[in-house]
Structures are given as C-alpha cells and as structure tokens.
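Hello,

Here is the structure for you to look over. My notes follow below it.

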Amino acid sequence: MNSKTINYAVIFITGAITLSVELLSSRILKPFFGESLLIWSGILSVTLTGLAIGYYIGGYVTKKYKRLGLIYYTIPSIAGIWLTIINLFYPKFFWILAKTNITVGAYIACATMLFIPLVALSAMNPILVALLRIEDKSTKRGDGGAGAVFFISTIGSVTGVLITAFIFIPNISNYNSVLILSFLLLVISGLYYLKKKGNKLILVLIFLVIILQTYVLFFGYNNHLKGITVKQGEMEWTVQEVYQSFYGSIKIIKIYNKKSKANFKLFLQEGVAQSIVDSEDLSVTGFIYVLEALASGFTEKNSSILCL
C-alpha cells in the first residue's frame, strides 16, 4: 500500500471520528443541559468555528513548515489525548458548569468537548492537499487533490454518523465510545512513530495514554458503575443495572430512605429521569395515571390498557 492510499485512509478515518464525536457530544451533554435548541446551537457554532479555524491553521502550516508528513500524523494524537482527558473529567466538570449557569455552561461544555479535536482534525485536510502536491508534480494547474481530499473526508463523516447511530449508541455507552474513538486516533499516530527512526518520546506518551484508555475501558467507569452508592442526608442512591439500547444508556437506580425505610426504583434514560416506582412496582409519578385515565376516556368497554 503506497503512502497516498494510506494518507487517504487516514483522512477518511479522521473524518468519520469528527462527526461521530459531534453526535456523541449531544448525548453526553443532554443529562447536564437538556436536549434543546441551546445544545444544538452550541454544538453547531463550536463545530463550524473549529472547522474554519482548523482549515486556516492547516493552510498556514503548509506555508511555514516543511515536515508536513510528521505534522499530519502527529495531529491525531493531539485530538486523541484531548478527548481522553475530557472524557475522564466531564462527568464532574459539566455538572459544575450546569449548576453555575446553564446557558453559558452549555456553550463552555460544547467548546471544551469539541473545539480542540475539531481544530486539530480539520487542519489535516489542507496539510494533506499540500502533501499530495509535493508527491505529484503534475498538479500545478489543477486543484492539487483538494476535491478528492474533501470528498473522502466527507464520505468518512457520513460513515461515522452511521456507525455511531447503529453500533455505538445501541451497544456501547457514550463514555466508552469516545474512548474507542480517541484510541483509534492514538493508534494512527503511534503506528507512524513506530516506523519512524529517532526520538521515541511521543511514541512513549501515546503508549501510556493507550494503557490508561484500556484500563478505563475494561475496568473503569462503566464496569464499576454498578453497585455505586451515593448518600445525601437520609437518602441513598445505588446503581442496580446499566443497559445500552437504541434509546441510549438506561440505568435502574435504587433509592432508599433511611428515615422512612422506603425503597424506590428510578428509571433513567441518558441521565434523565423517566419514572419512579415503589417497592411494589407501582408508579409514584402522577403522569402515568393521567395517561391511563386519558386512554380510558377514549376507549369504550376496555378491560385492560397498556400505557407506553
């Protein structure tokens, strides 16, 4: 496989990861800031700003630096390390932002999650165009391969959306999905530095981050989540079950009131409370009974009603 094909494969993968991270970020932000125009305006504005700045920086780099291949393959590691760090800290950091100011906090959270990776990955497009012009001396009058680069990158983005929608979201948590994407970015840079002679410091750093990712992925956040108990005053919340579905992450939380000795179960979907039942599995949320009454009012001679 020649270098041109490898470069195209890399831009396809990074294009897929760009849109995948954007889609996953909307689901990550939802439990903290809700799912509204506020979130999507933040995501879209940060995305477009990041892409614009990334394209500009990439073009600037091609004029000022000669070792474009080195820069091209180092950039994925920057995005991968950033996503790993943010993924480890966002559960607490985003909660602080939401409590401070939900509007400002939502935009800061969007920028924290997306800005650096988008700037880094979008800068790869003009750098690859410059690499293609250097490799192919016959492109002096043409587009220098820009059309092909942006075509492949965009097709990669479409692929990323489909993989996220039909594989990641139904089967893997948002937390682990981002870890997998950052792992792929680090592998791209790691393989390049593994073949490259000279200073291996960056390779060692990439290797250490991959070890951290592997630990968290298999032994960390989601695996030890079951059984965690949070106490506040007379109340205790314990995670009993965690599921993945097309509806996102589903958790069953046991709530125990030490004073009244009462037990409840809370149904969470993507971090948002959907219903609560008591120890006899009877709903304690009033809207369930409202739905049942409405169904009864529109149905004649019913013996039973299923409320979904």
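Lys261 counts as exposed, because its relative accessibility is 57% and the cut-off for exposed is over 50%. Please keep in mind that this is a predicted model.

Where does Lys261 sit? It is found in the loop between strand S3 (248–257) and strand S4 (262–269). Lys261 is not a glycine, yet it has a positive phi of about 60°. Most residues other than glycine have a negative phi.

Next, Asp281. This residue also has a positive phi, about 60°, and it is not a glycine either. Asp281 is found in the loop that runs between strand S5 (272–278) and helix H8 (286–297). Is Asp281 buried or exposed? Its relative accessibility is 55%, so Asp281 counts as exposed.

The last one is Thr154. It lies in a helix, H5, which covers residues 146–171. Thr154 has 45% relative accessibility, so it counts as partly exposed. That class lies between the buried limit, under 20%, and the exposed limit, over 50%.

Two distances go with Thr154. A polar atom of the Thr154 side chain lies 2.6 Å from the backbone oxygen of Phe150.

Then go to Thr154 in helix H5.

Best wishes

Definitions and conventions. Residues are numbered from 1 along each chain as its sequence is written. This is a predicted model: local features need pLDDT of at least 70, side-chain atom pairs count only at pLDDT 80 or more; totals for chains, interfaces and linings use all residues. Side-chain values use heavy atoms; hydrogens and water are left out. Helices (H or I, at least four residues) and strands (E, at least two) are DSSP runs, numbered from the N terminus. Buried means under 20% relative accessible area, exposed over 50%, partly exposed in between (1.4 Å probe, protein chains only). A polar contact is a pair of N or O atoms within 3.5 Å; within protein, one must be able to donate a hydrogen and the other to accept it, and residues adjacent in sequence count only if both atoms are side-chain atoms.
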